[in-house]
Amino acid sequence: MASTGEKGAADGAERPGSGTKAAAESAAAPPERKASWRLVGPGIVVAATGVGAGDLVATLAAGSRFGYTLLWAAVVGCLVKIALAEATGRWHLATGRTIFDGWRSLGAWTTVYFAVYVTVWGFVYGAAAMSSSALPLVALFPGLLELKTWAILCGLAGLAFVWFNRYAIVEKIMMVFVGVMFVVVVYVAVRVTPHLGDAAAGLLPVLPDGSLLYTLGLVGGVGGTITMAAYGYWVNAKGWTDSGWMRMMRLDNRVAYLTTGVFVVAMLIVGAELLHAAGTAVGSGDQGLLDLGRILEERFGAVTAKLFLIGFLAASFSSLVGVWHGVSLLFADFVERTRAARAQGTGGEPPALEVARGRRERSRPFRGYLLWLTFPPMGLLWLDKPFGLVIAYGVLGAFFMPFLAGTLLWLLNSGRTPRQWRNGPLSNAMLAAAGLLFVVLCVQQVRELPW
């Protein structure tokens with residue numbers, strides 16, 4: 001999404017020596033690698049992680065209420081995610097520094113925010129991810145095990161898989177999940193016989209009465225989580241470590257979010273054709289997908305319903321695996337760089353800070369956060385979430401995407417980034433629009449919390 005070779009915006013505040021380092025890196029640019037479809041991978045991982053069951057329900061609900069009218073919002077949402085992920089990957093490749101290292105250069109407040117956020121978010125999300133993965137298993141194997149038991153097994157399966165496997169294996173399994181999701185969701189969309197004329201009309205920007213929040217949700221919600229910040233780490237783990245990989249990263253990113261766009265459009269078609277036309281409603285949250293499974297069984301038979309539940313499982317469990325891996329990488333980087341800063345502050349030598357090729361996947365901070373995501377949240381499967389924790393989780397979660405968009409604008413328009421790879425007008429416009437969108441969504445989410 002970003003244009004290159006343009007003169008960047010005026011340098012912002014930067015830590016000592018960063019402008020010199022950026023200039024040196026720009027002068028010694030590595031050779032440009034050829035983009036190849038065979039190397040696509042990190043973008044698929046981040047897209048599959050970001051598209052969870054809740055996102056599919058939100059899209060389904062928009063289609064069931066407004067038909068094809070909001071199809072254009074799904075397309076805009078894909079463009080927004082391409083811009084955000086491209087900016088994250090570009091920072092990693094252009095500077096040789098991680099996104100958390102960039103955040104630290106903006107001030108200590110970013111470290112405080114991230115530390116609180118990643119602790120509270122991980123605790124609550126762990127339980128939500130395990131429950132979401134368990135729901136389709138309960139429906140696929142009725143009477144075999146309780147929801148809580150399935151949820152614990154899903155959490156343990158995710159823990160074991162990420163604990164023993166490195167990025168290359170994680171990428172392969174995520175590609176399988178995406179393949180299952182793609183085939184199933186597109187198959188269901190074809191079965192409900194979409195009206196192509198109505199779908200084409202839905203590409204014209206229109207806002208029906210009462211559709212504003214659904215529109216914002218479609219643009220900002222699907223495929224947008226903290227794992228977008230993990231994209232740069234997955235790019236590095238793939239072995240893409242410098243600006244010579246920029247073309248490959250951009251191809252990877254676009255392929256991934258175009259694939260996400262297909263998921264979103266397919267679910268909107270299902271909502272428009274299967275629910276909107278019949279005036280049928282589904283439940284909120286992940287329960288809505290179970291309701292859809294029952295509707296599919298009534299109309300198309302048990303085979304189609306079972307296939308849909310398998311797609312539901314692929315969407316949920318891929319999000320679990322992606323978060324277990326990607327956010328643990330973020331946390332490991334956070335710990336290492338915090339230790340390095342303390343060592344420098346006390347006059348000691350900072351440790352070597354490895355960026356690429358996934359060696360953090362065997363580190364204690366990485367595995368410690370894996371354990372935090374898995375075991376403490378299991379207690380929430382039996383207890384209602386504490387009132388204060390729900391509020392803290394909602395507020396912190398709502399603020400993360402504006403935080404990401406705003407800090408990327410700051411970093412990529414300053415001397416921290418080599419001039420060649422700073423934002424052009426298009427990137428600045430897309431990131432600013434994304435930041436504004438997420439601020440509106442943030443305010444709305446905070447207003448809806450059970451204060």
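Begin by selecting Glu 32, which is exposed, with a relative accessible area of 54% (exposed means over 50%, buried under 20% and partly exposed in between, with a 1.4 Å probe and protein chains only). The model is predicted, with local features requiring pLDDT of at least 70 and side-chain atom pairs counting only at pLDDT 80 or more, while totals for chains, interfaces and linings use all residues. Residues are numbered from 1 along each chain as its sequence is written, and side-chain values use heavy atoms, with hydrogens and water left out.

A salt bridge here is a side-chain nitrogen of Lys or Arg within 4 Å of a carboxyl oxygen of Asp or Glu. The pair links distant parts of the chain, 215 residues apart: Glu 32 is in the loop between helix 1 (18-27) and helix 2 (42-50), and Arg 247 is in helix 12. Helices are DSSP runs (H or I, at least four residues), numbered from the N terminus. Arg 247 is partly exposed, at 47%.

Move to Glu 86 and Arg 90, which form a salt bridge at 2.9 Å, N to O. Both residues are buried, and they lie 4 residues apart in helix 4 (residues 71-95), about one helical turn. Then select Arg 294 and Asp 291, where the closest N and O atoms of the salt bridge are 2.4 Å apart. Arg 294 is partly exposed at 42%, whereas Asp 291 is buried at 18%.

For a network of salt bridges, select Arg 97, Asp 101, Asp 333, Glu 336, Arg 337 and Arg 360.

Turn now to the rings. The whole structure contains 21 aromatic pairs, defined by ring centres of Phe, Tyr and Trp (its six-membered ring) within 6.5 Å; planes under 30 degrees apart count as stacked, over 60 as edge-to-face and the rest as tilted. Trp 103 and Phe 400 have centres 6.3 Å apart and planes at 85°, so the pair is edge-to-face. Trp 103 lies in helix 5 (residues 99-105) and Phe 400 in helix 16 (residues 387-411), 297 residues apart. Trp 103 is buried at 0%, and Phe 400 is buried at 1%.

Finish at Leu 371, in helix 15 (residues 364-374). Leu 371 is partly exposed at 34%.

How values were computed:
Helices (H or I, at least four residues) and strands (E, at least two) are DSSP runs, numbered from the N terminus.
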